[in-house]
Amino acid sequence: MSEQNQNLDCLEFQRLCLSDPDNQQAAFAEHAHNCTQCMGYLNEVKAMDSSLRDSLDVRTPGDLIARLQLQQEMQQTRGRCGLFKAAALAALLTAGSVLLAGWWQVQHWQTEQQVEQDYQQLLAVVVEHVQGEAFTPVWEFTKANRTANTLLASYDDALQLYPMSNLQFSRICPMGEYRGLHATLQTDHGQITFVYLRGQPLGDLLDTAYQGFITRVKPVRGGNLVLIARDMRALEQGAADLSRAMYWDI
Amino acid sequence: MSDSGNQTGPDQVNYAMISKKRKYALLIEAHAQDLYKYALWLCKDKVMAEDVMQEAFLRAWKSLDSLREAKAAKGWLFTIFRREHARQFERKQFQYRDVESMDTLADAQIGYDDSPQAFALRNALRRLPAEYREPLELQVLGGFSCEEIASLLDISTSAVMTRLFRARKKMRHYLGVEAAPELGLVKK
């Protein structure tokens, strides 16, 4: 494979690939040219970088550029101002600091309250989201399993799913302020939707009825599993399927 | 000196020969987009990203005379941004902690690609320890070389390379591309 590359062996090449895939050294280019396996490795790393770059791509707001330009013009104008403005600014800053300190106290208290409220609302948010999102057509189940596993692993690399023949992967659901995996399972008694939400696990397993749905919130490692069905038997079967399939590779 | 008529790329401009106003305009033109992506990723919030960016550009304007070389402009600007972000982070730490721990901002709301693959990549990046994540962000988002990252982070180039190696290794592991911790095994 690489005997002909005296300057850089495959191990060194792959190490360099991971630290600097655009390395310009002649030995690096030569090795890639002569070793197909390493060239494949390099392409994989570059593809990951490229996908990562694309995943972080956003459009810069046009008005931000305008504001940055305007800011400089305002600075030029302000540069001519005297001490009076500096004193006024200092007074303003002092007042601002006092306000900020007060606001911090209020926010700090509100944060604790907010956490509790958010988890009380979790179920309602999920159900409303599921009602708003049409169930997606069945995907090829191997693809659904693969995608679900990739997503779960991105939350927690120990979290895995054994292949489920009845899994229908839907999509990533922002679900308002929550994020999680949203997928469906086809059972003998109808479809159930399950959502894995990363976060603080709730204390106990909780079954409730909500807007015609039967729901179950099940605390699991690293988050909560929310199951939603129209039929209790479907819920039980889906829950059992998931219990068998979900595991932590630790 | 007239500001107009300079047709060279932003990196080739002779900063000693142009006005401060033109220099500032070039900074925005050449680097605002990259910086915004970086800012949004770090701040996880559009308003906050724009605020920190505005503040950073304000500081850049104030010390623009110290910038002599166009090639150094990007690193210089990112350094100012990083310092400003650290300052804001320190000032508003309670807000960020809240946002991070509760995952309150959905990527789709920010404007990121919400495909499962894109989400998994961002999640994997988030999971990296900060010391590995930072150089990777600078390399992938900022387009900086290892030497430039070393200068930005004030560490040696070899340390940067080690961190980048570990960062990508972990990313591949998180994404299920590379299961074995040993180097050089590529899962087919």
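I take axes as lines fitted to C-alpha atoms, for helices over the stretch in contact, with angles from 0 to 180 degrees between N-to-C directions. Helices (H or I, at least four residues) and strands (E, at least two) are DSSP runs numbered from the N terminus. The model is predicted: local features need pLDDT of at least 70, side-chain atom pairs count only at pLDDT 80 or more, and totals for chains, interfaces and linings use all residues. Residues are numbered from 1 along each chain as its sequence is written, and chains are lettered from A and ligands numbered from 1 in the order in which they are written.

Entry: a helix pair in chain B. I looked up helix 1 (residues 20–43) and helix 2 (residues 46–62) of chain B; their axes come within 9 Å and cross at roughly 145°. I counted residues as in contact if their C-beta atoms, placed from the backbone, lie within 7 Å. Helix 1 of chain B contributes residues including Tyr24(B), Leu27(B) and Cys43(B), and helix 2 of chain B residues including Lys46(B), Met48(B) and Trp61(B). By class, I find 13 nonpolar, no polar and one charged residues in this contact. Here Ala, Val, Leu, Ile, Met, Phe, Trp, Tyr, Cys and Pro count as nonpolar, Asp, Glu, Lys and Arg as charged, and the others, Gly among them, as polar.

Entry: Helix 1 of chain A packs on helix 9 (residues 157–174) of chain B at about 90°, with axes 7 Å apart. Arg15(A), Leu18(A) and Ser19(A) meet Met161(B), Leu164(B), Phe165(B), Arg168(B) and Lys169(B). I note four nonpolar, one polar and three charged residues in the contact.

Entry: chain A. I find seven helices and eight strands in chain A. Of its 250 residues, 33% are buried, meaning that 20 or more other C-beta atoms lie within 10 Å of the residue's own; 12 or fewer make a residue exposed, and counts in between partly exposed. In helix 2 (residues 26–34) of chain A, the buried residues are Phe28(A), His31(A) and Ala32(A). Their cover includes helix 1 (10–19) and helix 3 (36–55) of chain A.

Entry: one residue. Ser151(B) lies in helix 8 (residues 146–153) of chain B. Its C-alpha atom is separated by 8.5 Å from that of Gly75(B), 76 residues apart along the chain.

Technical notes: Two residues are in contact if their C-beta atoms, placed from the backbone, lie within 7 Å.
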